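Let's take a friendly walk through a protein model. Have the sequence and the 3D view side by side, and look up each residue as we reach it.

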Amino acid sequence: MKKKLLLCLALAAALALAACTAREDPAPTPTPLPDDVMNQPATPPEGEEAVDPGMAATPEDSAPLPVDEELSALVDTLYAAHPVELMMPTTSAVDLSDESWCRYHTGLEAADAAKVDAAVVSESMTGSQAYSLVLLRVKDEADAQAVADAVLENVQMNKWVCVMADKARVATFGDKVLFVMSNTELTDADALMDAAPEALGVTFAYENAKDADTGDGATVIPY
């Protein structure tokens, strides 16, 4: 009986590893997860649930940040005009004061994050779907393009476990920066961004994009 159990466990582990490996692209190492997730015990204490590394988790001793109402409403308006099919989608606040999580979601280092007034991220709570929408409001509209370029350049398109985005686009309108990246087999980032101006009643002042490169990095495609 014990031998059969060990055989079953070994077979299950092999199948899980094969499924993950089959979905991986030969890409650079994903962005390290923030320290508060990496330092969690492998087995959660009895009665507690493990934190999915793909979720915007916060330390246990702090409450989730309130989501900026203006930015959240814009995301809802965009999705109403152009629905995105995700498992357990959620829009949450980006903690700009937490360097690790801010960099994980936006790619921004402290100097650029200081130019941002508020930000939200919309992703699947499962952490296994390569899609992320980030909407930021900058303190000074003059900094919008610089922040947009920093997000596009620095966000890691393979930040998830086993999945990777292959397309990313960024645009600015007024004091807002809209960034979307996804795997095209999951959802079309181009179609979503193309629908945004009409859906939101805005005109993009600046646009840029990049495609993932499975070799040396990413190819930036200026608009």
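This is a predicted model: local features need pLDDT of at least 70, side-chain atom pairs count only at pLDDT 80 or more; totals for chains, interfaces and linings use all residues.

Residues are numbered from 1 along each chain as its sequence is written, and side-chain values use heavy atoms, leaving out hydrogens and water.

## The nonpolar cores

In soluble globular proteins, nonpolar side chains tend to be buried together. A nonpolar core here is a set of buried Ala, Val, Leu, Ile, Met, Phe, Trp, Tyr and Cys residues joined through side-chain atoms within 4.5 Å. Buried means under 20% relative accessible area, exposed means over 50%, and partly exposed is in between (1.4 Å probe, protein chains only).

The largest nonpolar core has 28 residues, and L108, L136, V147, V151, V177, F179 and M181 have the most contacts inside it. At least two residues of this core come from each of β2 (116–124), β3 (131–138), α6 (144–154), β4 (167–173) and β5 (176–182). Helices (H or I, at least four residues) and strands (E, at least two) are DSSP runs, numbered from the N terminus. Which element gives the most to this core? That is α6, with six residues.

To see the packing, pick V151. Contact means heavy atoms within 4.5 Å, and V151 is in contact with T106, L108, L136 and F179, leaving aside its neighbours within four places in sequence. Another core, of 22 residues, lies apart from the largest one; L78, L86, A196 and F204 are among its members.

## Helix α7

Helix α7 covers residues 189–200, twelve in number. From its first C-alpha to its last it reaches 16 Å, close to the 16 Å expected at 1.5 Å a residue; the expected span is 1.5 Å times one less than the number of residues.

Which residues of α7 are buried? They are A189, L192, M193, A196 and L200. These residues cover an arc of only 95° around the axis, so they sit on the same side of α7; the arc is that of the directions from the helix axis to the C-beta atoms. An α-helix has 3.6 residues a turn, so residues three or four places apart point the same way. The cover over the buried residues of α7 includes α3, β3, β4 and β5. On the face turned away from the buried side, α7 carries the exposed residues D194 and E198.

Now look at the two ends. D188 caps the N-terminal end of α7, with a side-chain oxygen 3.0 Å from the backbone nitrogen of D190. After α7 comes G201, whose phi is positive, near 65°.

## Salt bridges

Side chains of opposite charge can pair when their charged atoms come close. A salt bridge is counted when a side-chain nitrogen of Lys or Arg is within 4 Å of a carboxyl oxygen of Asp or Glu, and this rule gives 13 salt bridges. The table shows three of them, including how far apart the closest N and O atoms are in the pair K159 and E123.

| Pair | N to O distance |
|---|---|
| K176 and E70 | 3.0 Å |
| K159 and E123 | 2.6 Å |
| D211 and K167 | 3.2 Å |

K176 in strand β5 and E70 in helix α3 (residues 69–81) are 106 residues apart, and their pair links distant parts of the chain. K176 is buried at 7% relative accessible area, whereas E70 is partly exposed at 39%.

K159 lies in the loop between α6 and β4 and E123 in strand β2, so this pair ties together parts 36 residues apart in sequence. K159 is buried at 3%, and E123 is buried at 5%.

D211 in strand β6 (residues 206–213) and K167 in strand β4 tie together parts 44 residues apart in sequence. D211 is partly exposed at 27%, while K167 is buried at 10%.

There is also a network of salt bridges, which links D68, E70, D117, R137, D175 and K176.

D112 lies in helix α5 (residues 110–113). Is D112 buried or exposed? At 19% relative accessibility, D112 counts as buried. Leaving aside neighbours within four places in sequence, D112 is in contact with V147 and A150.

Y206 belongs to strand β6 and is buried, with a relative accessible area of 17%. The C-alpha atoms of Y206 and Q145 are separated by 6.8 Å, although the two are 61 residues apart along the chain. Not counting residues up to four places away in sequence, Y206 touches Q145, A148, D149, V170, A171 and T172.

Conventions: A polar contact is a pair of N or O atoms within 3.5 Å; within protein, one must be able to donate a hydrogen and the other to accept it, and residues adjacent in sequence count only if both atoms are side-chain atoms.
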